[in-house]
Amino acid sequence: MAWHGSASTIVTSRLKLRPLEVGDAEGMAVVLVDPALHEFTGGQPANYKELRMRFEALVRGSGVATELWLNWIVCRCSDDAAVGTVQATITDPDDEAKAMVAWTIGSPWQRNGYASEAAAGLVQWLTTHGVASVVAHVHAHHAASAAVAAHAGLRPTSEVVDGEAVWRLQVNLP
């Protein structure tokens, strides 16, 4: 089954995942400012200018027909405050679509279940739209991300890519 869809708003019980826009860079620079967010992935927080350039590239997309970049800002429904991001890179959209997913919740909003809720909502949305396989790469020592992946229905595999465990959900599509 081919994947069908484009990034649209996803609503969960407490969160709204809305498609990322270039104009989100200013607000997200504050959400993503903590260097601790890079403990397992490396690098440093992007400043506003760097984040704006990254968001411009994300909105443009990969430019490759067989690879789609979908990105969302995670907002609380109660006050519309941005708390993080989720993303999916979809490959082979015309055949057995596969999605690689990732999530980041700003440090002040962690330990509230937002990452688990957002990731589960994203995975459900992807599978509803025809994705046959969902994958996440989780650092071996990042217990919180492993818990998020498990909550979203992914299971660890024996695969390791760049030192990270591959977690996967295989969907039986009609």
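Predicted model: local features only at pLDDT ≥ 70, side-chain atom pairs only at ≥ 80, totals over all residues.
**Cysteines, charge pairs and a buried helix side**

Across the whole structure, a search turns up 0 disulfides, a disulfide being a pair of cysteine sulfur atoms within 2.5 Å. Cys75 takes part in no disulfide, and the nearest cysteine sulfur, that of Cys77, is 8.7 Å away. Seen from the other partner, the sulfur of Cys77 has its closest cysteine sulfur in Cys75, and that distance is too far for a bond. As a reminder, a disulfide is a covalent bond between the sulfur atoms of two cysteines. Cys75 is buried at 1% relative accessibility, whereas Cys77 is partly exposed at 40%.

Residues are numbered from 1 along each chain as its sequence is written, and side-chain values use heavy atoms, with hydrogens and water left out.

The overall plan comes next. The protein chain holds 4 helices and 8 strands; these are DSSP runs numbered from the N terminus, with helices (H or I) of at least four residues and strands (E) of at least two. Along the sequence, their order is β-β-α-α-β-β-β-α-β-α-β-β. Of the 174 residues in the protein chain, 40% are buried. A contact means heavy atoms within 4.5 Å, and among the contacts with a separation of 6 or more, 62% join residues 24 or more positions apart.

Side chains of opposite charge can pair when their charged atoms come close. The search of the whole structure finds 7 salt bridges, each being a side-chain nitrogen of Lys or Arg within 4 Å of a carboxyl oxygen of Asp or Glu. One of them joins Asp80 to Lys16, with 3.0 Å between the closest N and O atoms. Asp80 sits in the loop between strand 3 (67-76) and strand 4 (82-91), and Lys16 belongs to strand 2 (residues 15-19), so this pair ties together parts that are 64 residues apart in sequence. Both partners are partly exposed: Asp80 has a relative accessible area of 43%, and Lys16 has 26%.

Asp24 and Arg18 form another salt bridge, again with 3.0 Å between the closest N and O atoms. Here Asp24 is buried at 10%, while Arg18 is partly exposed at 22%. A further bridge links Arg168 and Glu159 at 2.6 Å, N to O. Arg168 is partly exposed at 27%, and Glu159 is partly exposed at 35%.

Rings of Phe, Tyr and Trp (its six-membered ring) pair if their centres lie within 6.5 Å, and planes under 30 degrees apart count as stacked, over 60 as edge-to-face and the rest as tilted. By this rule there is 1 aromatic pair. Trp72 and Trp125 make up the pair, which is edge-to-face, with 5.4 Å centre to centre and 75° between the planes. Trp72 lies in strand 3 and Trp125 in helix 3, 53 residues apart, and the pair links these distant parts of the chain. Both tryptophans, Trp72 and Trp125, are buried.

Helix 4 (residues 143-151) has a buried side, with Ser145, Val148 and Ala149 all buried. These residues cover an arc of only 100° around the axis, which puts them on the same side of helix 4; the arc is that of the directions from the helix axis to the C-beta atoms. Their cover includes strand 5 (98-105), helix 3 (114-128), strand 6 (133-139) and strand 8 (164-170). On the face turned away from the buried side, Ala143 and His151 are exposed. Just after helix 4, Gly153 takes a positive phi of about 95°.

Finally, Leu32 lies in the loop between helix 1 (25-31) and helix 2 (48-60). Leu32 is buried at 15% relative accessibility.

Note on methods:
Buried < 20%, exposed > 50% of the residue type's maximum accessible area, 1.4 Å probe, protein only.
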